[in-house]
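Subject: Structure handover

Hello,

Here is the structure I promised to pass on. Please open it next to this email and follow along.

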Amino acid sequence: QNYGIFARGANVRVMSNTVYGHDGISGSSPDMGIYLYRNGPVAEGNVVFGNYDGIRGGTDGYQASDVIGNRVYDNLRYGIWAYSYSDVRENVVYSNGTGIRVGAGAYYGEVLNNLVYDNSSRGILVDTGSGTLVANNTVYQAVGDAVYVQGSSANIQLRNNILWTDSGYAILVTADSQVGFGSDYNLLYTTGSGQV
């Protein structure tokens, strides 16, 4: 597996780097621009582009690895993929496959104050989340869904987001993820074939 930067440990901060060109798959494992592995490293203020996955924060069941204030674009699969208690906030994320994915393993973190646009599949994907708060984000999708919740997620809360899609759903919650789902004070806008 090929990483631009691999970080591990509670006192590690990955800051102000430009990371690109890690865009393959080694065996069944995707390359990553920045991998915040375990025990609380933080990625802040980086520019990450042209990778298979841009930034991966945390490993299921371990301490949060927060992803803060980065510009993440043109990554093949996920711009940002966060696990466990990791917070994803104040990032600008665009032109990836999926902008921000949280979960795949119980996810309890928060997705706050991000600008997410022009990703090819989904803006924000919550997969196997529990109690996740998605708030104060602006998401624009020309194609695909602005927010997609799946994977037996529970108690997901959407608050104060601006969600706009031209083709797809502003919010799509699968049947297995509707327990405790709440959506309040969001501004939903659709054009073309987009649906609320």
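Below is what was found in it, part by part.

Keep in mind that this is a predicted model.

Strand β17 covers residues 115-117, and strand β20 covers residues 138-141. They pair in the parallel sense over three bridges. Tyr-117 stands opposite Tyr-140 in β20.

Now find another open sheet. Eight strands form it, in the order β2-β7-β10-β13-β16-β19-β22-β25. The pairing is parallel. At the edges stand β2 (13-15) and β25 (182-184). Each of these has a single partner strand, so one side of each lacks a neighbour in the sheet.

Take β25 and its partner. Strand β22 (residues 157-159) runs parallel to β25, and three bridges join them. Leu-158 has Ser-183 in β25 as its bridge partner.

**The nonpolar core**

Next, go inside. The largest nonpolar core has 32 residues. Which residues have the most contacts inside it? They are Ile-55 and Ile-100. The elements that give two or more residues to this core are β6 (32-36), β12, β15 (98-107), β18 (122-129), β21 (145-150) and β24 (171-173).

Click on Ile-100. Leave aside its neighbours within four places in sequence. Its contacts then include Ile-80, Val-88, Val-93, Val-111 and Val-116. Asn-114, Gly-123, Ile-124 and Leu-125 are also in contact with Ile-100.

Strand β12 deserves a look too. Is β12 enclosed or open? Five of the five residues of this strand (residues 78-82) are buried, so β12 is largely enclosed by the rest of the structure. Strand β9 (residues 53-57) pairs with β12 in the parallel sense, over three bridges. In that pairing, Gly-57 stands opposite Ala-82 in β12.

**Aromatic rings**

How many aromatic pairs does the structure hold? There are 13 aromatic pairs. One of them is Tyr-20 with Phe-49. This pair is stacked, at 5.1 Å centre to centre and 10° between the planes. Tyr-20 lies in strand β3 and Phe-49 in strand β8 (residues 47-49), so the pair ties together parts that are 29 residues apart in sequence. Phe-49 counts as partly exposed, because its relative accessibility is 21%.

Tyr-94 and Tyr-117 form a stacked pair as well. Their rings are 4.9 Å apart, centre to centre, with 10° between the planes. This pair links distant parts of the chain. Tyr-94 is in strand β14 (residues 92-94) and Tyr-117 in strand β17, 23 residues apart. Tyr-94 is buried, with a relative accessible area of 15%. Tyr-117 is partly exposed, at 27% relative accessibility.

Tyr-20, Phe-49, Tyr-73, Tyr-94 and Tyr-117 form one aromatic cluster.

**Charges over rings**

The charged end of Arg-56 sits over the ring of Trp-81, 5.1 Å from its centre. Arg-122 lies over the face of Tyr-148, at 4.1 Å from the ring centre.

Last stop: the backbone. Most residues other than glycine have a negative phi. Thr-128 has a positive value, near 65°. Where is Thr-128 found? It is in strand β18. Thr-128 is partly exposed, with a relative accessible area of 28%.

Tyr-185 has a positive phi too, near 60°. Tyr-185 is found in the loop between β25 and β26. At 70% relative accessibility, Tyr-185 counts as exposed, because the cut-off for exposed is over 50%.

Over to you.

Best wishes

Technical notes:
Residues numbered from 1 in each chain as written. Predicted model: local features only at pLDDT ≥ 70, side-chain atom pairs only at ≥ 80, totals over all residues. Heavy atoms only, no water. Pairing = 2+ DSSP bridges. Helix = DSSP H or I, 4+ residues; strand = E, 2+ residues; numbered from the N terminus. Buried < 20%, exposed > 50% of the residue type's maximum accessible area, 1.4 Å probe, protein only. Core = buried A, V, L, I, M, F, W, Y, C linked by side-chain atoms within 4.5 Å. Contact = heavy atoms within 4.5 Å. Phe/Tyr/Trp six-rings, centres within 6.5 Å; stacked < 30°, edge-to-face > 60°. Lys NZ or Arg CZ within 6 Å of the ring centre and 35° of its normal.
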